[in-house]
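Here's a quick briefing on the aromatic pairs and the nonpolar core. Have the model open as you read.

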Amino acid sequence: MKCRLTGFFLELHKRIKLLGAVVAAGTLGLYFLSPRLFIILQDYLHQDLSFFTVAEPFLAHVKLALGTCLIIIMPWIIFTIWRALSQPFGIDKKVLSRYVFYTCLLFYTGTVFCYLVTLPFGINFLLGFKSEQLQPIISIDRFVTFVAMFIIAFGLIFELPVFMVFSSKSGLISRKSFEKNRRYAILVIAITAALLTPTPDVVNMALMGVPLYLLYEIGIMVLKIGSR
């Protein structure tokens with residue numbers, strides 16, 4: 001196991017510089033489109049925003065460009081990771097292509113689900129506590145950080161079933177272990193939701209934690225079907 005992980009990190013290290021260069025170039029290119037992207041996002045979520053420092057609007061646009069870049073090039077990032085895993089764990093090209101396809105599919109399913117369902121609901125719920133005496137003043141930087149982190153985090157957690165299948169097929173964690181350790185899985189899911197959500201409130205944790213647990217059960221079902 002230790003040799004496999006060492007081989008994975010060595011393979012991944014070879015491509016880190018190229019990955020960093022692509023992310024930097026993509027962020028720079030998308031920065032010039034970020035004002036249009038920001039208008040689309042702001043109109044979609046119906047938010048009036050403010051800024052409190054001179055550099056805050058610039059940094060917010062950089063963060064928006066970076067988040068958009070990561071979402072766009074995610075298939076290449078996923079391919080890079082799976083390719084680094086293929087040699088140490090003995091994944092052939094046919095299986096590798098399946099892992100890449102389903103990982104990309106689940107990632108974009110998660111981002112779309114978050115953008116269309118979870119994000120508007122979460123924002124409307126949290127801002128529903130405003131009143132005549134209590135009016136929200138939302139920072140542009142924190143707004144962009146919240147949206148970008150929430151969307152990317154949802155895309156990542158939707159890949160849980162693929163991770164479970166890979167763990168089982170490679171002999172790291174068996175299907176029976178996933179079934180027997182549901183209580184520990186719930187604890188890990190709660191901690192993960194607390195770490196990945198931009199704000200530590202119960203609502204946002206639930207919006208991420210509940211789908212994550214459902215994905216955990218879906219992963220077990222897929223393993224059961226695959227073992228027949």
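Phe 178 is buried, at a relative accessible area of 6% (buried is under 20%, exposed over 50%, partly exposed in between, with a 1.4 Å probe and protein chains only). Keep in mind that this is a predicted model: local features need pLDDT of at least 70, side-chain atom pairs count only at pLDDT 80 or more, and totals for chains, interfaces and linings use all residues. Residues are numbered from 1 along each chain as its sequence is written, and side-chain values use heavy atoms, with hydrogens and water left out.

**Aromatic pairs**
- The whole structure holds 15 aromatic pairs (Phe, Tyr and Trp rings, the six-membered one for Trp, with centres within 6.5 Å; planes under 30 degrees apart are stacked, over 60 edge-to-face, the rest tilted).
- Phe 113 and Phe 158 make a tilted pair, with ring centres 5.9 Å apart and planes at 40°.
- Phe 113 is partly exposed at 32% relative accessible area, while Phe 158 is buried at 10%.
- Phe 178 pairs edge-to-face with Tyr 216, at 6.0 Å centre to centre and 75° between the planes.
- Tyr 216 is buried too, with a relative accessible area of 7%.
- Ring pairs also join Phe 113, Phe 146, Phe 150, Phe 154 and Phe 158 into a cluster.

**Nonpolar core**
- The largest nonpolar core has 55 residues, and Tyr 216 and Leu 119 are among those touching the most other members (a core is a set of buried Ala, Val, Leu, Ile, Met, Phe, Trp, Tyr and Cys residues joined through side-chain atoms within 4.5 Å).
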